[in-house]
Amino acid sequence: MNMKRVIISALVVLLILATLAAAPARQAGRSPAGHVVAIRCGRLIDGKSDAPITNAVILIEGERITAIGASVLIPPGAEVIDLSNATVLPGLIDCHTHLLQNYDGALGNDDPNMILTVTQMSTAKRALLGAAMGREDLEAGITAVRDLGNSGYNGDVALRDAIYEGWVVGPRIVASTRALAAAGGQFGEVSAATQKIIEQEYAVISGTEEARRAVRQAFYDGADLIKVIVNTGPRVVSLEEMKVIVEEAHRVNRKVAAHAIGDQATRIAAEAGVDSIEHAYTVPDDVLKMMAEKKIFLVPTDGPVETYLDIFVTAKHPSPEELEQARANIGRFLKGSRDRLARAVKAGVRIAAGSDMYYQLPGKTRGQASLTMLRAYAESGMTPMQIIQAATLNAAELLGAQKRLGSLETGKVADIIAVVDDPLKDIAALEHVQFVMKGGKLIKNELRK
Ligand SMILES: [Zn+2]
(Lines give C-alpha, C1' and ligand atoms only; values in the text may rest on other atoms or scores of the structure.)
Protein backbone atom coordinates (compact mmCIF):
# COMPACT_ATOMS: atom_id res chain seq x y z
CA MET A 1 0.00 0.00 0.00
CA ASN A 2 1.52 3.37 -0.89
CA MET A 3 1.47 6.40 1.42
CA LYS A 4 -1.23 8.25 -0.48
CA ARG A 5 -3.62 5.33 -0.09
CA VAL A 6 -2.83 5.07 3.62
CA ILE A 7 -3.62 8.76 4.12
CA ILE A 8 -6.82 8.52 2.09
CA SER A 9 -7.89 5.44 4.09
CA ALA A 10 -7.22 7.24 7.36
CA LEU A 11 -9.23 10.26 6.20
CA VAL A 12 -12.12 8.03 5.19
CA VAL A 13 -12.09 6.37 8.63
CA LEU A 14 -12.06 9.78 10.35
CA LEU A 15 -14.92 10.96 8.16
CA ILE A 16 -17.00 7.89 9.05
CA LEU A 17 -16.29 8.35 12.76
CA ALA A 18 -17.25 12.02 12.57
CA THR A 19 -20.48 11.13 10.74
CA LEU A 20 -21.34 8.50 13.36
CA ALA A 21 -20.68 10.95 16.18
CA ALA A 22 -22.90 13.56 14.55
CA ALA A 23 -25.70 11.13 13.75
CA PRO A 24 -27.67 11.22 17.04
CA ALA A 25 -27.73 15.01 17.16
CA ARG A 26 -28.77 15.31 13.53
CA GLN A 27 -31.68 12.96 14.03
CA ALA A 28 -34.98 14.75 14.48
CA GLY A 29 -33.67 17.94 16.08
CA ARG A 30 -32.95 16.64 19.54
CA SER A 31 -31.76 18.96 22.30
CA PRO A 32 -27.99 19.55 22.23
CA ALA A 33 -25.66 17.59 24.52
CA GLY A 34 -25.35 19.05 28.00
CA HIS A 35 -28.92 20.37 27.91
CA VAL A 36 -30.91 18.73 30.72
CA VAL A 37 -34.66 18.20 30.62
CA ALA A 38 -36.38 17.43 33.93
CA ILE A 39 -39.87 15.93 34.08
CA ARG A 40 -41.80 16.27 37.33
CA CYS A 41 -44.12 13.25 37.55
CA GLY A 42 -47.20 13.28 39.79
CA ARG A 43 -47.15 9.51 39.62
CA LEU A 44 -44.66 7.34 37.81
CA ILE A 45 -45.40 3.85 36.51
CA ASP A 46 -41.93 2.85 35.35
CA GLY A 47 -42.93 -0.41 33.63
CA LYS A 48 -40.91 -2.53 36.05
CA SER A 49 -42.11 -1.78 39.59
CA ASP A 50 -45.38 -3.29 40.77
CA ALA A 51 -46.63 -0.03 42.24
CA PRO A 52 -46.45 3.58 41.08
CA ILE A 53 -43.94 6.01 42.59
CA THR A 54 -45.25 9.42 43.64
CA ASN A 55 -43.51 12.74 42.96
CA ALA A 56 -40.66 11.28 40.95
CA VAL A 57 -38.33 13.26 38.70
CA ILE A 58 -36.87 12.08 35.39
CA LEU A 59 -33.72 13.74 34.05
CA ILE A 60 -33.02 13.45 30.34
CA GLU A 61 -29.95 14.37 28.31
CA GLY A 62 -30.08 13.92 24.55
CA GLU A 63 -32.18 10.83 23.94
CA ARG A 64 -31.41 9.05 27.22
CA ILE A 65 -32.67 9.04 30.80
CA THR A 66 -29.76 10.00 33.07
CA ALA A 67 -31.55 9.80 36.44
CA ILE A 68 -34.99 8.81 37.70
CA GLY A 69 -36.67 8.47 41.08
CA ALA A 70 -38.34 10.22 44.00
CA SER A 71 -35.07 11.54 45.42
CA VAL A 72 -33.64 12.97 42.20
CA LEU A 73 -32.93 16.72 42.39
CA ILE A 74 -33.49 19.02 39.44
CA PRO A 75 -30.15 20.65 38.55
CA PRO A 76 -30.03 24.43 38.06
CA GLY A 77 -30.59 25.47 34.46
CA ALA A 78 -32.60 22.38 33.56
CA GLU A 79 -35.65 22.78 31.35
CA VAL A 80 -38.57 21.66 33.53
CA ILE A 81 -41.67 19.90 32.18
CA ASP A 82 -44.37 19.84 34.82
CA LEU A 83 -46.48 16.67 34.74
CA SER A 84 -47.23 16.78 38.47
CA ASN A 85 -50.97 16.35 37.80
CA ALA A 86 -50.48 13.30 35.62
CA THR A 87 -49.41 9.67 35.57
CA VAL A 88 -46.19 9.16 33.60
CA LEU A 89 -45.43 5.86 31.85
CA PRO A 90 -43.04 4.36 29.29
CA GLY A 91 -44.11 4.83 25.67
CA LEU A 92 -46.54 2.12 24.61
CA ILE A 93 -45.48 -0.61 22.18
CA ASP A 94 -47.81 -2.28 19.68
CA CYS A 95 -46.31 -5.67 18.80
CA HIS A 96 -48.66 -6.37 15.91
CA THR A 97 -49.58 -3.69 13.46
CA HIS A 98 -49.87 -3.04 9.74
CA LEU A 99 -49.16 0.63 9.14
CA LEU A 100 -49.25 0.28 5.35
CA GLN A 101 -52.87 -0.86 5.29
CA ASN A 102 -55.97 1.16 6.14
CA TYR A 103 -58.99 -0.91 5.20
CA ASP A 104 -62.53 0.33 4.91
CA GLY A 105 -65.09 -1.95 6.58
CA ALA A 106 -67.84 -0.50 4.35
CA LEU A 107 -66.15 -2.25 1.38
CA GLY A 108 -66.42 -5.61 3.13
CA ASN A 109 -63.91 -7.74 5.00
CA ASP A 110 -60.25 -8.51 4.30
CA ASP A 111 -60.68 -10.12 0.86
CA PRO A 112 -61.95 -7.17 -1.21
CA ASN A 113 -59.85 -4.70 0.79
CA MET A 114 -56.65 -6.66 0.21
CA ILE A 115 -57.25 -6.95 -3.53
CA LEU A 116 -58.03 -3.23 -3.85
CA THR A 117 -55.03 -2.21 -1.75
CA VAL A 118 -52.52 -4.40 -3.58
CA THR A 119 -53.79 -3.65 -7.08
CA GLN A 120 -54.52 0.06 -6.70
CA MET A 121 -51.75 1.28 -4.42
CA SER A 122 -48.06 1.26 -5.25
CA THR A 123 -45.66 0.37 -2.45
CA ALA A 124 -44.50 4.01 -2.51
CA LYS A 125 -48.04 5.22 -1.93
CA ARG A 126 -48.53 2.68 0.83
CA ALA A 127 -45.34 3.82 2.55
CA LEU A 128 -46.75 7.36 2.57
CA LEU A 129 -50.00 6.01 4.01
CA GLY A 130 -47.83 4.28 6.62
CA ALA A 131 -46.21 7.61 7.46
CA ALA A 132 -49.66 9.04 8.25
CA MET A 133 -50.69 5.98 10.27
CA GLY A 134 -47.36 5.99 12.10
CA ARG A 135 -47.75 9.61 13.08
CA GLU A 136 -51.22 8.85 14.43
CA ASP A 137 -49.76 5.98 16.44
CA LEU A 138 -47.03 8.13 17.90
CA GLU A 139 -49.37 10.99 18.83
CA ALA A 140 -51.60 8.47 20.63
CA GLY A 141 -48.65 7.34 22.75
CA ILE A 142 -47.39 4.34 20.75
CA THR A 143 -43.69 5.03 20.49
CA ALA A 144 -42.64 1.67 18.97
CA VAL A 145 -44.30 -0.99 16.83
CA ARG A 146 -43.64 -4.33 15.20
CA ASP A 147 -44.96 -4.03 11.67
CA LEU A 148 -45.91 -7.54 10.59
CA GLY A 149 -46.23 -7.59 6.83
CA ASN A 150 -48.86 -6.47 4.35
CA SER A 151 -46.60 -3.63 3.36
CA GLY A 152 -46.13 -4.32 -0.34
CA TYR A 153 -42.56 -5.20 -1.33
CA ASN A 154 -40.50 -3.85 1.63
CA GLY A 155 -42.58 -0.71 2.15
CA ASP A 156 -42.31 -1.16 5.91
CA VAL A 157 -38.52 -1.19 5.67
CA ALA A 158 -38.59 2.09 3.75
CA LEU A 159 -40.88 3.66 6.35
CA ARG A 160 -38.75 2.37 9.23
CA ASP A 161 -35.64 3.91 7.68
CA ALA A 162 -37.39 7.21 6.84
CA ILE A 163 -38.51 7.59 10.47
CA TYR A 164 -35.03 6.69 11.71
CA GLU A 165 -33.51 9.34 9.45
CA GLY A 166 -35.99 11.92 10.73
CA TRP A 167 -37.60 12.47 7.30
CA VAL A 168 -41.03 11.72 8.77
CA VAL A 169 -42.27 11.61 12.36
CA GLY A 170 -43.41 8.23 13.62
CA PRO A 171 -42.80 5.38 16.05
CA ARG A 172 -39.71 3.18 16.08
CA ILE A 173 -40.45 0.31 13.70
CA VAL A 174 -39.31 -3.28 13.85
CA ALA A 175 -40.17 -4.51 10.36
CA SER A 176 -40.78 -7.95 8.89
CA THR A 177 -41.02 -7.22 5.14
CA ARG A 178 -43.25 -9.74 3.31
CA ALA A 179 -44.73 -12.49 5.45
CA LEU A 180 -43.82 -16.06 4.51
CA ALA A 181 -46.88 -18.15 3.70
CA ALA A 182 -48.20 -21.22 1.89
CA ALA A 183 -49.72 -20.81 -1.59
CA GLY A 184 -51.97 -17.79 -1.92
CA GLY A 185 -50.79 -16.03 1.21
CA GLN A 186 -53.85 -14.58 2.91
CA PHE A 187 -55.61 -13.73 -0.32
CA GLY A 188 -59.13 -14.94 -0.89
CA GLU A 189 -59.99 -16.41 -4.27
CA VAL A 190 -58.00 -14.77 -7.06
CA SER A 191 -58.15 -16.01 -10.65
CA ALA A 192 -55.14 -17.87 -12.06
CA ALA A 193 -54.21 -15.03 -14.42
CA THR A 194 -54.01 -12.49 -11.57
CA GLN A 195 -52.17 -14.59 -8.99
CA LYS A 196 -48.98 -12.65 -9.71
CA ILE A 197 -50.20 -10.00 -7.26
CA ILE A 198 -49.70 -12.43 -4.36
CA GLU A 199 -45.91 -12.02 -4.60
CA GLN A 200 -46.21 -8.31 -3.90
CA GLU A 201 -47.60 -9.09 -0.47
CA TYR A 202 -46.32 -12.55 0.52
CA ALA A 203 -43.23 -14.71 0.05
CA VAL A 204 -44.85 -18.01 -0.90
CA ILE A 205 -42.93 -21.09 0.20
CA SER A 206 -43.28 -24.80 -0.39
CA GLY A 207 -40.64 -27.10 1.06
CA THR A 208 -37.77 -26.55 3.47
CA GLU A 209 -35.30 -25.12 0.95
CA GLU A 210 -37.78 -22.51 -0.23
CA ALA A 211 -38.45 -21.65 3.40
CA ARG A 212 -34.72 -21.22 4.03
CA ARG A 213 -34.29 -19.10 0.92
CA ALA A 214 -37.26 -16.88 1.84
CA VAL A 215 -35.82 -16.16 5.29
CA ARG A 216 -32.46 -15.18 3.81
CA GLN A 217 -34.19 -13.06 1.18
CA ALA A 218 -36.21 -11.29 3.89
CA PHE A 219 -33.02 -10.40 5.75
CA TYR A 220 -31.44 -9.20 2.52
CA ASP A 221 -34.57 -7.08 1.99
CA GLY A 222 -34.02 -5.44 5.38
CA ALA A 223 -36.21 -7.46 7.75
CA ASP A 224 -35.65 -7.18 11.48
CA LEU A 225 -37.70 -10.31 12.08
CA ILE A 226 -39.61 -12.99 10.19
CA LYS A 227 -43.40 -13.18 10.03
CA VAL A 228 -44.98 -16.46 9.01
CA ILE A 229 -48.61 -17.14 8.20
CA VAL A 230 -48.78 -20.69 9.55
CA ASN A 231 -52.34 -21.27 8.39
CA THR A 232 -54.93 -19.75 6.09
CA GLY A 233 -57.89 -22.10 5.73
CA PRO A 234 -56.57 -25.46 4.50
CA ARG A 235 -53.16 -24.04 3.44
CA VAL A 236 -50.76 -24.81 6.26
CA VAL A 237 -46.99 -24.40 6.61
CA SER A 238 -45.54 -27.73 7.80
CA LEU A 239 -43.58 -28.34 10.99
CA GLU A 240 -40.46 -29.14 8.93
CA GLU A 241 -40.72 -25.82 7.10
CA MET A 242 -41.33 -23.93 10.35
CA LYS A 243 -38.30 -25.53 12.00
CA VAL A 244 -36.07 -24.40 9.14
CA ILE A 245 -37.49 -20.87 9.32
CA VAL A 246 -36.81 -20.67 13.07
CA GLU A 247 -33.33 -22.16 12.65
CA GLU A 248 -32.39 -19.64 9.95
CA ALA A 249 -33.71 -16.67 11.91
CA HIS A 250 -32.33 -17.67 15.30
CA ARG A 251 -28.89 -18.33 13.82
CA VAL A 252 -28.62 -14.57 13.28
CA ASN A 253 -30.45 -13.64 16.51
CA ARG A 254 -33.64 -12.55 14.79
CA LYS A 255 -37.10 -13.48 15.94
CA VAL A 256 -40.01 -15.27 14.33
CA ALA A 257 -43.64 -14.19 14.70
CA ALA A 258 -46.21 -16.81 13.75
CA HIS A 259 -49.77 -16.07 12.73
CA ALA A 260 -51.56 -19.21 13.94
CA ILE A 261 -55.14 -20.05 14.79
CA GLY A 262 -56.47 -23.35 16.07
CA ASP A 263 -55.07 -26.60 17.41
CA GLN A 264 -52.88 -27.66 14.50
CA ALA A 265 -51.26 -24.34 13.54
CA THR A 266 -50.55 -23.16 17.09
CA ARG A 267 -49.00 -26.56 17.84
CA ILE A 268 -46.75 -26.41 14.76
CA ALA A 269 -45.62 -22.89 15.73
CA ALA A 270 -44.94 -23.81 19.35
CA GLU A 271 -43.14 -27.05 18.48
CA ALA A 272 -40.93 -25.20 16.00
CA GLY A 273 -39.98 -22.76 18.77
CA VAL A 274 -41.14 -19.43 17.36
CA ASP A 275 -40.83 -16.32 19.54
CA SER A 276 -44.45 -15.23 19.43
CA ILE A 277 -47.77 -16.67 18.38
CA GLU A 278 -50.13 -14.06 17.00
CA HIS A 279 -53.91 -14.25 17.43
CA ALA A 280 -54.35 -17.88 18.61
CA TYR A 281 -58.07 -17.14 18.95
CA THR A 282 -58.43 -20.85 19.59
CA VAL A 283 -55.56 -22.75 21.17
CA PRO A 284 -55.54 -25.95 23.27
CA ASP A 285 -54.26 -26.02 26.85
CA ASP A 286 -51.30 -28.29 26.11
CA VAL A 287 -50.05 -25.80 23.50
CA LEU A 288 -50.38 -23.01 26.05
CA LYS A 289 -48.31 -25.14 28.42
CA MET A 290 -45.65 -25.59 25.76
CA MET A 291 -45.66 -21.82 25.10
CA ALA A 292 -45.11 -21.13 28.81
CA GLU A 293 -42.25 -23.64 28.99
CA LYS A 294 -40.55 -22.31 25.86
CA LYS A 295 -41.21 -18.67 26.82
CA ILE A 296 -43.17 -18.06 23.62
CA PHE A 297 -45.17 -14.85 23.81
CA LEU A 298 -48.87 -14.76 23.02
CA VAL A 299 -49.84 -11.61 21.14
CA PRO A 300 -53.62 -11.50 21.63
CA THR A 301 -54.89 -9.28 18.83
CA ASP A 302 -58.22 -8.65 20.52
CA GLY A 303 -60.60 -5.73 20.63
CA PRO A 304 -63.75 -4.77 22.51
CA VAL A 305 -67.18 -5.35 20.91
CA GLU A 306 -67.46 -1.64 20.05
CA THR A 307 -64.34 -1.80 17.87
CA TYR A 308 -65.74 -4.59 15.70
CA LEU A 309 -69.14 -2.89 15.50
CA ASP A 310 -67.47 0.37 14.46
CA ILE A 311 -65.45 -1.35 11.74
CA PHE A 312 -68.01 -3.64 10.16
CA VAL A 313 -71.50 -2.59 11.19
CA THR A 314 -71.91 1.10 12.02
CA ALA A 315 -70.99 2.31 8.51
CA LYS A 316 -73.81 0.20 7.05
CA HIS A 317 -76.44 2.16 9.04
CA PRO A 318 -78.04 -0.87 10.64
CA SER A 319 -81.52 -0.90 12.17
CA PRO A 320 -81.59 -1.21 15.99
CA GLU A 321 -82.49 -4.91 15.61
CA GLU A 322 -79.60 -5.53 13.18
CA LEU A 323 -77.23 -3.75 15.53
CA GLU A 324 -78.29 -5.90 18.48
CA GLN A 325 -77.99 -9.05 16.39
CA ALA A 326 -74.48 -8.05 15.30
CA ARG A 327 -73.52 -7.21 18.88
CA ALA A 328 -74.66 -10.65 20.01
CA ASN A 329 -72.79 -12.44 17.19
CA ILE A 330 -69.56 -10.55 17.87
CA GLY A 331 -70.00 -11.11 21.61
CA ARG A 332 -70.16 -14.86 21.06
CA PHE A 333 -66.90 -14.82 19.07
CA LEU A 334 -65.21 -12.59 21.63
CA LYS A 335 -66.20 -14.82 24.52
CA GLY A 336 -63.89 -17.48 23.09
CA SER A 337 -61.03 -14.95 22.82
CA ARG A 338 -61.56 -13.67 26.36
CA ASP A 339 -61.54 -17.22 27.63
CA ARG A 340 -58.32 -18.22 25.82
CA LEU A 341 -56.45 -15.13 27.07
CA ALA A 342 -57.53 -15.89 30.64
CA ARG A 343 -56.36 -19.50 30.17
CA ALA A 344 -53.04 -18.31 28.73
CA VAL A 345 -52.35 -15.96 31.63
CA LYS A 346 -53.27 -18.73 34.08
CA ALA A 347 -50.91 -21.13 32.27
CA GLY A 348 -48.06 -18.66 32.71
CA VAL A 349 -47.78 -17.63 29.06
CA ARG A 350 -46.22 -14.20 28.71
CA ILE A 351 -48.41 -11.65 26.98
CA ALA A 352 -47.22 -8.91 24.64
CA ALA A 353 -49.78 -6.37 23.45
CA GLY A 354 -50.63 -6.27 19.75
CA SER A 355 -53.61 -4.61 18.11
CA ASP A 356 -53.62 -5.98 14.54
CA MET A 357 -55.46 -2.76 13.73
CA TYR A 358 -55.67 -2.08 10.00
CA TYR A 359 -59.23 -0.80 9.54
CA GLN A 360 -60.55 2.76 9.67
CA LEU A 361 -62.45 3.43 12.87
CA PRO A 362 -64.87 6.37 12.65
CA GLY A 363 -63.82 9.26 14.88
CA LYS A 364 -60.55 7.66 15.95
CA THR A 365 -56.97 7.99 14.78
CA ARG A 366 -55.06 4.79 14.02
CA GLY A 367 -53.32 5.04 17.38
CA GLN A 368 -56.55 5.51 19.34
CA ALA A 369 -58.15 2.63 17.44
CA SER A 370 -55.17 0.39 18.18
CA LEU A 371 -55.26 1.10 21.90
CA THR A 372 -58.84 -0.17 22.24
CA MET A 373 -57.11 -3.58 22.53
CA LEU A 374 -56.24 -2.71 26.12
CA ARG A 375 -59.95 -2.76 27.09
CA ALA A 376 -60.28 -6.24 25.59
CA TYR A 377 -57.39 -7.46 27.74
CA ALA A 378 -59.11 -6.04 30.82
CA GLU A 379 -62.28 -7.91 29.88
CA SER A 380 -60.23 -11.14 30.01
CA GLY A 381 -59.33 -10.42 33.62
CA MET A 382 -55.81 -9.02 33.18
CA THR A 383 -55.06 -6.36 35.80
CA PRO A 384 -54.21 -2.82 34.64
CA MET A 385 -50.57 -3.33 35.72
CA GLN A 386 -50.37 -6.63 33.80
CA ILE A 387 -51.77 -4.88 30.73
CA ILE A 388 -49.31 -1.97 31.05
CA GLN A 389 -46.41 -4.41 31.28
CA ALA A 390 -47.73 -6.32 28.25
CA ALA A 391 -47.61 -3.04 26.31
CA THR A 392 -44.23 -1.90 27.62
CA LEU A 393 -41.62 -4.21 29.16
CA ASN A 394 -42.86 -7.52 27.70
CA ALA A 395 -43.36 -5.89 24.32
CA ALA A 396 -39.84 -4.45 24.38
CA GLU A 397 -38.46 -7.91 25.08
CA LEU A 398 -40.39 -9.34 22.14
CA LEU A 399 -38.93 -6.57 19.97
CA GLY A 400 -35.46 -7.55 21.21
CA ALA A 401 -35.13 -3.98 22.52
CA GLN A 402 -35.41 -4.48 26.29
CA LYS A 403 -32.01 -2.86 26.86
CA ARG A 404 -33.25 0.42 25.39
CA LEU A 405 -37.04 0.43 25.60
CA GLY A 406 -39.98 -0.81 27.67
CA SER A 407 -39.32 0.80 31.04
CA LEU A 408 -38.20 4.12 32.43
CA GLU A 409 -34.77 3.53 33.92
CA THR A 410 -31.40 5.27 33.91
CA GLY A 411 -29.65 4.58 30.62
CA LYS A 412 -32.79 3.76 28.67
CA VAL A 413 -34.20 5.82 25.84
CA ALA A 414 -36.60 8.60 26.89
CA ASP A 415 -39.79 7.31 25.25
CA ILE A 416 -42.31 8.73 27.71
CA ILE A 417 -46.07 9.31 27.81
CA ALA A 418 -48.48 10.81 30.37
CA VAL A 419 -52.21 10.69 31.07
CA VAL A 420 -54.38 12.65 33.49
CA ASP A 421 -56.82 9.87 34.37
CA ASP A 422 -55.64 6.90 36.38
CA PRO A 423 -54.87 3.87 34.14
CA LEU A 424 -54.66 1.64 37.22
CA LYS A 425 -58.36 2.36 37.87
CA ASP A 426 -59.46 2.19 34.23
CA ILE A 427 -57.05 1.03 31.54
CA ALA A 428 -59.09 3.01 28.95
CA ALA A 429 -57.28 6.10 30.31
CA LEU A 430 -54.43 5.06 27.98
CA GLU A 431 -56.70 5.77 25.01
CA HIS A 432 -56.31 9.46 25.88
CA VAL A 433 -52.58 10.09 26.09
CA GLN A 434 -51.88 13.81 26.53
CA PHE A 435 -48.10 13.90 26.56
CA VAL A 436 -45.68 12.10 24.26
CA MET A 437 -41.89 12.23 24.14
CA LYS A 438 -39.83 10.02 21.84
CA GLY A 439 -36.08 9.72 22.33
CA GLY A 440 -36.01 12.89 24.43
CA LYS A 441 -37.84 14.86 21.75
CA LEU A 442 -41.23 16.35 22.62
CA ILE A 443 -43.96 15.10 20.27
CA LYS A 444 -46.93 16.66 22.07
CA ASN A 445 -47.85 18.18 25.41
CA GLU A 446 -51.48 18.97 26.14
CA LEU A 447 -50.72 19.25 29.86
CA ARG A 448 -48.86 22.54 29.66
CA LYS A 449 -50.22 24.89 32.31
ZN1 LIG B 1 -51.97 -9.04 11.47
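So, α10 and α11: helix α10 covers residues 305-312 and helix α11 covers residues 320-347, and their axes come within 9 Å and cross at roughly 130°. That makes α10 oblique to α11. On the cut-offs, angles under 35 degrees count as roughly parallel, over 145 as roughly antiparallel, 65 to 115 as roughly perpendicular, and the rest as oblique. The axes are lines fitted to C-alpha atoms, for helices over the stretch in contact, with angles running from 0 to 180 degrees between N-to-C directions. Helices here are DSSP runs of H or I with at least four residues, strands are E runs of at least two, and both are numbered from the N terminus.

Quick word on where this comes from: it's a predicted model, where local features need pLDDT of at least 70, side-chain atom pairs count only at pLDDT 80 or more, and totals for chains, interfaces and linings use all residues. Residues are numbered from 1 along each chain as its sequence is written, and side-chain values use heavy atoms, with hydrogens and water left out.

Back to the helices. Who's touching whom? From α10 we have Val305, Glu306, Tyr308 and Leu309, and they meet Leu323, Ala326, Arg327, Ile330, Leu334 and Arg338 in α11. Contact means heavy atoms within 4.5 Å. By class, the contact of α10 with α11 has seven nonpolar, no polar and three charged residues. For the classes, Ala, Val, Leu, Ile, Met, Phe, Trp, Tyr, Cys and Pro are nonpolar, Asp, Glu, Lys and Arg are charged, and the others, Gly among them, are polar.

In α10, the buried residues are Val305, Thr307, Tyr308, Leu309 and Ile311, and the buried residues of α10 pack against α11. Buried is under 20% relative accessible area, exposed is over 50%, and partly exposed is in between, using a 1.4 Å probe and protein chains only.

α11 has another partner. Helix α9, residues 285-293, has its axis come within 9 Å of the α11 axis, crossing at roughly 45°. That makes α9 oblique to α11, and α9 passes α11 in a right-handed crossing. The α9 side of the contact is Asp285, Leu288 and Ala292, and the α11 side is Arg340, Arg343, Ala344 and Ala347. Those residues divide into four nonpolar, no polar and three charged.

Next, the metal. Which protein atoms hold the zinc ion as donors? They're His96 (NE2), His98 (NE2) and Asp356 (OD), lying 2.0 to 2.2 Å from the zinc ion. Donors are N, O and S atoms within 2.8 Å of the metal (3.2 Å for Na, K and Ca), and water is not among the atoms, so sites may look incomplete. The sequence spacing of the donor residues is H-x1-H-x257-D. Both His96 and His98 are buried.

Most residues other than glycine have a negative phi. Asn55, in strand β2 (residues 53-61), has a positive phi near 50°. Thr177, in the loop between β7 (172-175) and β8 (179-181), also has a positive phi, near 55°. Buried or exposed, then, for Thr177? Thr177 counts as buried, at 2% relative accessibility, while Asn55 is exposed, with a relative accessible area of 57%.

Last stop: Lys444, in strand β18 (residues 441-445). Leaving aside neighbours within four places in sequence, Lys444 is in contact with Glu139, Val433, Gln434, Phe435 and Val436.

Methods:
Left-handed = near helix turned anticlockwise from the far one by under 90°.
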